[in-house]
Amino acid sequence: MAKKSIESPKPATARPKKPRPMPAASVRPFLTALAAGNPNPETELNYSDPFTLLVAVVLSAQATDVSVNRATATLYQEAATPASMVALGVEGVGRHIRSIGLWQGKARNVVALSQILLDQYGGTVPHDRMALEALPGVGRKTANVVLNVAFGEPTMAVDTHIFRIGNRTGLAPGATPRTVEDGLLKRIPPDMLRDAHNWLILHGRYICKARKPECWRCPATDWCRFQDKTPGAVEGQADSPITAPAAGRSGSQAV
Ligand code: SF4
């Protein structure tokens, strides 16, 4: 006769509790706390003008900023304008970006968008959402980054970090990136909107991490509505910097 197991049934994996929405009055102090350590936040992609920013953001889909900076460091030595990118061609671009994900499609898109910039915009990057989103490889998120960083628009590009923080903290809960984006645009005070994009990305990258947020060293914990805050440092886990190490940056202006 089969022996009966005396083990108790495995507990179901605990689901994180749903955060309560952050009160409107907490939004400013929450962001002010994030800003305290980094008043002038910058994206970590290297660029020197709107075109090199646009190309870097297109290359950054499903790739780390560090890997993109490594690729563009050599790519931009050979081609840093739409005309030189077209002259370099898909194969030439591909030689520089092989180490990043989806490089073949990205090489095609970079050359195709460069050709469109030459044909339709005199070789410049248009300061226009619809025109940007019509370019190959450019979606709403990429257009938001370019509009924010290159043109100073108060846009919010919802990447994986901002989507997580919007939901986890109760800042702007939503089932899709667009609902989180709309919630953030509505709730963040206008004077903080432009920088909020980078404050949130950097906070998600270095402190409010996906698997284990480092709540014990979070400056905004008083206003965050996440109910399962991590109480202390996880053994063997070193604190990571709020901004990227210098080794991650190279070449031109780090944004
Ligand atoms: S307290 Fe924790 S969950 Fe809340 S924002 Fe800070 S790191 Fe994220």
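Let's start with helix H8 meeting helix H10. In H8, His-161, Ile-162, Arg-164 and Ile-165 meet Leu-200, Ile-201, His-203, Gly-204 and Arg-205 of H10. Contact here means that two C-beta atoms, placed from the backbone, lie within 7 Å. By class, that contact has four nonpolar, three polar and two charged residues. Ala, Val, Leu, Ile, Met, Phe, Trp, Tyr, Cys and Pro count as nonpolar; Asp, Glu, Lys and Arg as charged; the others, Gly among them, as polar.

A word on the model. It is predicted, with local features needing pLDDT of at least 70 and side-chain atom pairs counting only at pLDDT 80 or more, while totals for chains, interfaces and linings use all residues. Residues are numbered from 1 along each chain as its sequence is written.

Back to the helices. Two packed helices are described by the angle and the distance between their axes. Axes are lines fitted to C-alpha atoms, for helices over the stretch in contact, with angles from 0 to 180 degrees between N-to-C directions. H8 is residues 160-168, and H10 is residues 190-206. Their axes come within 8 Å and cross at roughly 90°. That makes H8 roughly perpendicular to H10. The cut-offs: under 35 degrees is roughly parallel, over 145 roughly antiparallel, 65 to 115 roughly perpendicular, and the rest oblique.

Next pair. How do H4 and H5 lie to each other? H4 covers residues 82-97, H5 covers 103-121, and they pack at about 180° with axes 8 Å apart. They are therefore roughly antiparallel. Their contact has 13 nonpolar, five polar and two charged residues. Among them are Val-86 and Val-90 in H4, and Val-110 and Leu-117 in H5.

Now the whole chain. It has ten helices and two strands. These are DSSP runs, numbered from the N terminus: helices are H or I with at least four residues, strands E with at least two. Of 255 residues, 37% count as buried. Buried means 20 or more other C-beta atoms within 10 Å of the residue's own; exposed means 12 or fewer; partly exposed is in between, with C-beta atoms placed from the backbone.

Take Asn-40, in the loop between helix H1 (24-36) and strand E1 (46-47). Buried or exposed? Asn-40 has 7 C-beta neighbours inside 10 Å, so it counts as exposed. Asn-40 and Trp-199 are 159 residues apart along the chain, yet their C-alpha atoms are separated by 8.9 Å.

Last, the ligand. The shell around it divides into eight nonpolar, two polar and three charged residues.
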